[in-house]
Amino acid sequence: MNLSQFIEQWNSDSSTIEVMTSGSTGTPKRMMAEKSRMLSSARITCDFLGLKPGYTALLCLPLDYIAGKMMVVRSIERGMRLLSVEPSSEPLKGFADAAARGERVSIDFAAMIPMQIIRSLADPAQCEILKGIRHLIIGGGAIDRTLAEALKSFPNAVWSTYGMTETLSHIALRRLSNPDASLWYTPFQGVNLSLSSQGTLVIDAPAVCAEPRVTNDIAEFDGNGRFRILGRTDNTINTGGVKVQAEEVERLLTDALPQNLAGTFAITSKPDSLLGGRVVLVVSEEAYTHSKPLFKAAISTLPKYWQPKEVITVTSLPLTPNGKIDRCKL
């Protein structure tokens, strides 16, 4: 879908618009989103961030998914000027080239996925454009400690988002840049959160979601209404009676490995007749070939039951269209 097609759908007489779930843990699903609730979601985000009419917003995410659609809706709701570029891993390259020609580049608001941030950080010219974005939100995947550290010194506001297609994008943000960088998400006004009997997050946000949403995200609260996500129930590996969270193993390995190896591996499991489930490291063949001793050393730092019992190399990790690890294919 391109921008003109979405605008045509948005301006149609229909009260709903079709969106696709990301498909990171299964087959992508179609759902119909109410335009009135999308406008409510946009208004809440714009108010929280202090976005103003006349600001310049950047659309660099696919319009097939809620993240891209909501960037357009926020621009409409708040009267922002929308710049649109083809979704890619380096959405700021054209702006960096323009700056090199002496042209003025000004972006007030942008939403990106971690892969786009990582690629932009790797190029000095694109990194300067990234630092100049007044309000930057990041979603669509986990932000590891290495990436968080790289963003902490940014002069402007950088946020990690929490949400899903069913809640019409995010319902909470956590600050990544100084001086208020935090591990904890702050929910928007009107969003009520609780934990299910399984310890997963329950979202009650009537402005954007008609019914309370019980998620698969294992969460904990800090006593001040803020929360953090520990992992997903469907990514829990029961190995020898010990429950291991795949995302937590990935975080620890990322911390123990050089920054250039971030994103080259993922944790999954295989059935095991003795243990029930076997922890498996799936890693890029190129990365593992050149850095096998580093991976072995990093694995040795993990608790015994968390250590992968098998390493499988692949040409590339399976990703969803918006850059998340495709856990189902993995």
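Trainee: Buried or exposed: which is Cys 328?
Mentor: This is a predicted model, where local features need pLDDT of at least 70, side-chain atom pairs count only at pLDDT 80 or more, and totals for chains, interfaces and linings use all residues. Residues are numbered from 1 along each chain as its sequence is written, and side-chain values use heavy atoms, leaving out hydrogens and water. The labels go by relative accessible area: buried is under 20%, exposed over 50%, partly exposed in between (1.4 Å probe, protein chains only). Cys 328 has 55%, so Cys 328 is exposed.

Trainee: How many disulfides does the structure hold?
Mentor: A disulfide here needs a pair of cysteine sulfur atoms within 2.5 Å. Cys 127, for one, is in none, as the nearest cysteine sulfur, on Cys 60, is 15 Å away. The total for the structure is zero.

Trainee: How are H2 and H3 oriented to each other?
Mentor: Helices are DSSP runs (H or I, at least four residues; strands are E, at least two), numbered from the N terminus. H2 (residues 35-49) and H3 (residues 66-78) pack with axes 9 Å apart, at about 75°, with axes fitted to C-alpha atoms over the stretch in contact and angles running from 0 to 180 degrees between N-to-C directions. Since 65 to 115 degrees counts as roughly perpendicular (under 35 roughly parallel, over 145 roughly antiparallel, the rest oblique), H2 and H3 are roughly perpendicular.
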